[in-house]
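Open the model in your viewer and keep the selection tool at hand. Each stop below says what to select and what is there.

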Amino acid sequence: MKFLLQVVLATLVFVSSANAAGAPRPNILFIIFDDWGWQHAGAYGCEWVKTPNFDRVAKEGVLFKNAFTSNPKCSPCRATILTGRNTWQLEEAVCHGGLFPSKFAVYPDLLERSGYSVGLTGKGWGPGEFKLDGRTRNPAGPAFDQFTQKPPTKGIATTDYPRNFEAFLTQRDKAQPFCFWMGFKEPHRGYELDSGVRMGKKLEEVKVPGYLPDNATVRGDMADYAVEVEWGDLQIGRALEVLEKSGLLEDTLVIVTSDHGMPFPRVKGQIYEDGYHLPLAMRWGKGIKPGRVVEDFINVRDLAPTYLELAGLPKHEQMSGSSLAGILRSEKSGFVEDRKIMLTGKERHDLGRPNDWGYPVRAIRTPEFFYSHNYHPERWPACNPETGYGNCDDGPTKSWIVENKGLYYDLAFNYRPEEELYDMVKDPECLKNLAKEPQYAAKKQELRAKLEAMLKDEKDPRALGNEAIFDTYKYLGNRSKKGYAEWEAKQRGVPLPEAPKGKKGADE
């Protein structure tokens with residue numbers, strides 16, 4: 001209690017001195033899609049997915065070309081966003097569907113203690129459990145989900161995100177700045193089959209990446225996905241209208257991003273470029289010179305310290321990310337602060353291997369190369385075949401690849417080597433592994449050494465020889481997806497174990 005009191009007093013002194021100096025405290029509207037790939041926005045050159053409102057945020061603010069997630073699955077990425085820490089620094093929260101330890105501070109709580117009004121609509125942190133360890137609300141803030149709307153397809157959630165945001169603004173103390181989390185549930189699966197064509201998408205215009213088969217099944221599936229992306233973009237436009245109507249737009253930092261790539265094989269949940277590369281644009285009328293394009297490597301753990309600095313607060317001692325405030329205030333484009341290196345990784349995603357083992361990976365990305373270390377290449381990367389490759393969402397594309405095997409099956413589901421190296425200039429889709437090519441041996445060793453040094457500096461247990469700890473973390477998972485133990489029990493004809501009752505966490 002004494003330590004907490006000291007922290008609160010220090011924060012109040014810091015805020016008071018910042019305000020006395022005339023530093024503005026912006027409102028913050030954080031908008032996050034669920035499973036939206038970075039390449040599917042007009043601002044990044046995409047023509048078949050229409051995102052005029054994201055493009056507006058980018059045009060009137062700054063577009064980040066190299067934004068990355070710390071871990072390409074929902075709850076680990078969101079835990080990083082909230083805490084400003086890489087997922088291997090978050091104990092149980094490194095898991096998808098794990099626990100969110102209350103020992104880790106989150107920026108909505110810190111901002112609220114400093115005088116901000118905070119709120120959430122839609123999907124916050126999750127899936128997983130945050131109440132078992134002392135939290136009483138979602139780490140992203142108190143929920144405002146009263147209002148619903150009728151979406152154009154069956155797969156889209158009925159949440160009226162902008163109207164709930166407006167309800168939050170109406171009830172807040174107008175003398176306080178606000179920080180609001182708007183969490184779209186789109187374009188998460190499942191989709192209404194053929195909704196893309198029904199909504200006017202032309203399959204011949206769909207651009208299929210090289211790691212997926214280019215056929216009518218995949219094009220139709222991607223068109224259905226595009227409809228949900230465009231629905232989310234429509235909500236951005238309505239949210240901006242709410243701010244304009246309230247006279248708050250120019251005083252609000254608007255951030256639009258995603259948690260990882262699209263829910264397709266070899267993307268969501270996997271350590272390849274399209275899985276961990278994110279869309280990101282920010283608009284702040286009074287704080288960002290418009291029309292800028294930034295090349296610096298940005299990790300989602302940089303968001304929390306950014307919000308704190310802009311709010312006049314010191315960086316929390318637990319946060320390992322670096323504030324982006326200097327980049328936002330700059331008038332430059334390109335590499336503003338020369339950030340040219342990024343780490344990503346994962347541990348346990350979903351269920352479907354013996355002992356609920358994960359598929360641990362750590363990776364490093366530079367402008368020229370991407371290197372990854374798969375610690376257990378003897379395991380199935382997307383979970384086991386007999387349990388349905390649980391770390392890949394079900395859908396028409398997945399079904400086609402599993403049924404037809406061949407090249408695309410190998411890329412998405414088959415065993416992988418311990419090391420992978422890709423030339424990101426020549427091969428941005430990570431199709432040709434160079435790890436065994438003699439002419440790249442020195443580069444591979446250089447990147448591996450750098451990766452290991454950075455992980456040790458961040459006290460990653462796996463880099464410090466304590467990898468076994470990751471298998472001790474409590475893991476709830478999504479019990480609608482039966483794991484390997486459940487599959488074995490079913491083969492023996494014994495009853496399946498029931499999920500714990502009364503312990504439902506955030507939704508998928």
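Helices here are DSSP runs of at least four residues, numbered from the N terminus. Arg329 lies in one of them, helix H10, residues 325-329. Keep in mind that this is a predicted model.

**Stop 1: Arg329**

Now show what surrounds Arg329. Leave aside the neighbours within four places in sequence. Contacts are then made with Gly287, Glu309 and Leu310. Pick out Glu309 from that list. The side chains of Arg329 and Glu309 are joined by a polar contact of 3.5 Å.

**Stop 2**

Colour residues 27-336 one way and 343-491 another. These are domain 1 and domain 2 in the domain assignment of the chain. Their C-alpha centres lie 24 Å apart. The contact between them takes 49 residues from domain 1 and 49 residues from domain 2.

How much area is buried between domain 1 and domain 2? The value is about 4,000 Å². Carbon and sulfur atoms give 58% of that area.

Salt bridges between domain 1 and domain 2 number four.

Now look at the side of domain 1 that touches domain 2. Select strand S2 (62-68), helix H7 (216-245), helix H8 (273-276) and strand S8 (292-299). Each of these elements gives two or more residues to that side. Which element has the largest share? H7 does, with three residues. By residue type, this side of domain 1 divides into 22 nonpolar, 16 polar and 11 charged.

**Stop 2: Arg365**

Select Arg365, in strand S10, residues 361-365. Arg365 counts as buried because its relative accessibility is 6%, and buried means under 20%.

Arg365 and Glu273 form a salt bridge, with the closest N and O atoms 2.9 Å apart. The two side chains also count as a polar contact, at 2.9 Å.

The residues in contact include Asn66, Phe68, Tyr276 and Phe297. Lys340, Ile341, Met342, Phe370 and Met424 are also among them.

**Stop 3: salt bridges across the model**

Side chains of opposite charge can pair when their charged atoms come close. Across the model, the count comes to 37 salt bridges.

Begin with Arg56 and Glu244. Their side chains meet in a salt bridge of 3.0 Å, N to O. Arg56 is in helix H2 (residues 52-59) and Glu244 is in helix H7, so the pair ties together parts 188 residues apart in sequence. Arg56 is partly exposed, at 23% relative accessibility. Glu244 is partly exposed too, at 41%.

Widen the view from this pair. Arg56, Glu60, Glu244, Glu250 and Arg283 are linked in a network of salt bridges.

Go next to Asp259 and Arg78. Their salt bridge is 2.9 Å, N to O. Asp259 sits in the loop between strand S5 (252-258) and H8, and Arg78 in helix H3 (residues 74-83), so this pair ties together parts 181 residues apart in sequence. Are Asp259 and Arg78 buried or exposed? Both are buried.

Finish at Glu452 and Arg448. They form a salt bridge with the closest N and O atoms 2.9 Å apart. Where do they lie? Both are in helix H13 (residues 441-457), four residues apart, about one turn of the helix. Glu452 is partly exposed, with a relative accessible area of 32%. Arg448 also counts as partly exposed, at 21% relative accessibility.

Methods: Residues numbered from 1 in each chain as written. Predicted model: local features only at pLDDT ≥ 70, side-chain atom pairs only at ≥ 80, totals over all residues. Heavy atoms only, no water. Domains from an automatic or database assignment. Contact = heavy atoms within 4.5 Å. Buried area = accessible area lost by both parts, 1.4 Å probe. Nonpolar A, V, L, I, M, F, W, Y, C, P; charged D, E, K, R; others polar. Buried < 20%, exposed > 50% of the residue type's maximum accessible area, 1.4 Å probe, protein only. Polar contact = N/O pair within 3.5 Å; in protein donor to acceptor, adjacent residues only side chain to side chain.
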